[in-house]
Amino acid sequence: IQVTYGMDGADTSFYYGVEVGAGGLHMGNGSQVQGNVFSSGSITGGGTINNDVVVSGNTHSISGVRVVGNAMVHSCLSPTIIQGNLTYVTGGTKTCTVQGTTTTQGEEIAAQPLPIPQEQIDAWKEEATNGQVVSGNVTISGSQTLGPAKITGNLTLNNNATLTLNGTVYVVGNIIINNNATVRLATAYGTTGGVLMADGNVTISNNVSFAGSGQTGSYVLVMSNSTSTTAISINNNAQNVVLYASSGTLNVANNVTLVEATGYRVVLANNAIIQYSSGLVNIYFSGGPSGGWTVLSWQEQ
């Protein structure tokens, strides 16, 4: 009998460069989304979306941004520019500039849930708790490996510190990552991603770097479950990370480049860039090299 084992985990698909809940998307001047956008709330601001846009709901609109691809929305308002085609809902308002064709549809554009269900978030919390439980606050200076682990207080990375994730890390409090710190996955993650999660706020300071295992398809997912308007705040020159604010606002500062951003509300400051990676369509998040294994298949030989 031949048995194939693999790391136990979750297959999560990020189909959009930015996916937003009912809080909507605000784009600062010079900001860009290099990928598609789905929003269950209005899109405002002065940035550029280099692919297609879908905005659900009959009370929502696109206002002020430039869309290089096509757009579907209830209302498209000036000074928005749609370089592709526009589809808007009957009864909506069209005062924007459309360089392609314009059509209408009678039915409301349907909303869709954010890509990671609560059941999966709870499973990651359990996975971390089944590893190591650390009481109180944790502060990292220098280099340290951690995970799977639950931290009952806050997690702080001091300036220039390096945290290597060896499994899912769940922080009950806040995560503070200070200037020039690094968060990376252990090499044994292989082609899978890893999770760093907080119930509180996540603050990422200047020049913070994130790295997967070194293999294609491996990313760090940083998640906040906070309902705050500062659930995740990422500052200048941080890059190469997937950010997910399940219930609050994701704030992306100027000169930040991300591979994907998801949140109840997303705010991009001037010159922030979301540079979507197509590999995120089939990203697989495991418990890490110290996590569980499962039987993928077996057969008689």
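Which loop does Asn207 lie in? Read on to the last view for that one; this is a predicted model, and the views below go through it piece by piece.

**View 1. The whole chain, for orientation.** Start with the 301 residues of the protein chain, 51% of which count as buried. Its secondary structure comes to one helix and 36 strands. Look at contacts between residues at least 6 apart in sequence, and 42% of them join residues at least 24 apart.

**View 2. An open sheet of seven strands.** Going across the sheet, the order is S15-S13-S10-S7-S4-S34-S32, and the pairing is parallel. The edges belong to S15 (97-98) and S32 (257-258); each has a single partner strand, so one side of each is left without a neighbour in the sheet. Zoom in on S4 (residues 32-34) and S34 (residues 273-275), and you'll find a parallel pair held over three bridges. One detail to pick out here: Gln32 has Ile273 in S34 as its bridge partner.

**View 3. The nonpolar cores.** The largest nonpolar core has 66 residues, and Leu155 and Ile177 are the ones with the most contacts inside it. Leaving aside residues up to four places away in sequence, Leu155 touches Val138, Ile140, Leu163, Val171, Asn174, Ile175, Ile176 and Leu196. Apart from this core lies another, of 14 residues, including Ile116, Ala128, Tyr219 and Leu221.

**View 4. Helix H1, from one face to the other.** H1 runs over residues 118-129, twelve residues in total, and reaches 16 Å from its first C-alpha to its last, close to the 16 Å expected. Gln120, Ile121, Trp124, Lys125 and Ala128 are buried. These five cover an arc of only 145° around the axis, which puts them on the same side of H1. Turned away from that buried side is the face with the exposed residues Glu119 and Glu126.

**View 5. Two cis peptide bonds.** The bond from Ser78 to Pro79 is cis, with omega near 10°. Pro79 sits in the loop between S12 (75-77) and S13 (81-82). Another cis bond joins Gly147 and Pro148, with omega about -5°; look for Pro148 in the loop between S19 (143-146) and S20 (149-151).

**View 6. Two asparagines with positive phi.** Back to the opening question: Asn207 lies in the loop between S27 (202-204) and S28 (209-211). Its phi is near 60°, and at 36% relative accessibility Asn207 counts as partly exposed. Asn271 is found in the loop between S33 (260-268) and S34. Phi of Asn271 is near 70°, and at 40% relative accessibility Asn271 counts as partly exposed.

Terms used
Residues numbered from 1 in each chain as written. Predicted model: local features only at pLDDT ≥ 70, side-chain atom pairs only at ≥ 80, totals over all residues. Heavy atoms only, no water. Core = buried A, V, L, I, M, F, W, Y, C linked by side-chain atoms within 4.5 Å. Buried < 20%, exposed > 50% of the residue type's maximum accessible area, 1.4 Å probe, protein only. Contact = heavy atoms within 4.5 Å. Pairing = 2+ DSSP bridges. Helix = DSSP H or I, 4+ residues; strand = E, 2+ residues; numbered from the N terminus. Expected span 1.5 Å × (residues − 1). Arc of directions from axis to C-beta.
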